[in-house]
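Please keep the sequence and the model in view while reading.

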Amino acid sequence: MPMLFTCDDVLVTTENIILATFTTFYLLLIWSHVLLFAQIGWIYGSVTEDILTGFKMQCRGWRSVYCMPLRPAFKGSAPINLSDRLHQVLRWALGSVEIFFSRHCPLWYGFAGGRLKWLQRLAYINTIVYPFTSLPLIAYCTLPAICLLTGKFIIPTVIPWLYLTVLKITNAW
């Protein structure tokens, strides 16, 4: 049996309260999307259009607020196996590289308005430069193995007289 509340001689059930709450929520959600699309719209042309849209919104002066309600508002879906996860990471990396080589690159886009704070710009730059960090990581991981397999090391051998020179300099002081 639903709970009953009285409010100024009006009988309100919990189902009606929930229905009114969700209706108001969805009306506000639709209204915010109408305002968003009327002023900026989604920026398509990249796999990561959400990054582009957020970046352009913040460049135009929109303010971001971190919202963390007590009860999760939306529950997303995550990849369930390694293959899906790697495919998702590859899509994100390709989208970030597309943004890096587009006219919307945070390195040079949005300086005219001056509305984007330097820390926000740095966060966007970190997002689009992240895929390029794989190149030094591959070298960092493979170079020690190559050195061990070939017997040649990338660190040169130290000349014995260098030890004596360093020892003489440190003992002089």
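## Aromatic pairs

Searching the whole structure gives 5 aromatic pairs. Rings of Phe, Tyr and Trp (its six-membered ring) pair if their centres lie within 6.5 Å; planes under 30 degrees apart are stacked, over 60 edge-to-face, and the rest tilted. The model is predicted: local features need pLDDT of at least 70, side-chain atom pairs count only at pLDDT 80 or more, and totals for chains, interfaces and linings use all residues. Residues are numbered from 1 along each chain as its sequence is written, and side-chain values use heavy atoms, with hydrogens and water left out.

| Pair | Centre to centre | Angle between planes | Type |
|---|---|---|---|
| Phe 55 and Tyr 109 | 5.8 Å | 50° | tilted |
| Phe 100 and Phe 132 | 5.0 Å | 65° | edge-to-face |

Phe 55 lies in helix H2 and Tyr 109 in the loop between H3 and H4, 54 residues apart, and their pair links distant parts of the chain. Helices (H or I, at least four residues) and strands (E, at least two) are DSSP runs, numbered from the N terminus. Are the two partners buried or exposed, or in between? Phe 55 is buried, with 2% relative accessibility, whereas Tyr 109 is partly exposed at 21% relative accessible area. Buried means under 20% relative accessible area, exposed over 50%, and partly exposed in between (1.4 Å probe, protein chains only). Phe 55 and Tyr 109 also belong to one aromatic cluster with Tyr 124.

In the other pair, Phe 100 is in helix H3 and Phe 132 is in the loop between H4 and H5, so parts that are 32 residues apart in sequence are tied together. Phe 100 counts as buried at 19% relative accessibility, and Phe 132 is partly exposed at 29% relative accessible area.

The largest nonpolar core has 10 residues, including Phe 55, Phe 100, Leu 116 and Tyr 124. Such a core is a set of buried Ala, Val, Leu, Ile, Met, Phe, Trp, Tyr and Cys residues joined through side-chain atoms within 4.5 Å. H2 gives the largest share of this core, 4 residues. In soluble globular proteins, nonpolar side chains tend to be buried together.

Why is H2 described as largely enclosed by the rest of the structure? The reason is that 9 of its 11 residues are buried. Among them are Thr 53, Gly 54, Lys 56 and Gln 58. Just after H2, Gly 61 has a positive phi of about 105°.

Leu 116 is in contact (heavy atoms within 4.5 Å) with Phe 55, Gln 58, Cys 59 and Arg 121, leaving aside neighbours within four places in sequence.

## The whole protein

The protein contains 6 helices and 2 strands, in the order β-β-α-α-α-α-α-α along the sequence. Of its 173 residues, 18% are buried. Among contacts with a separation of 6 or more, 49% are between residues 24 or more positions apart.
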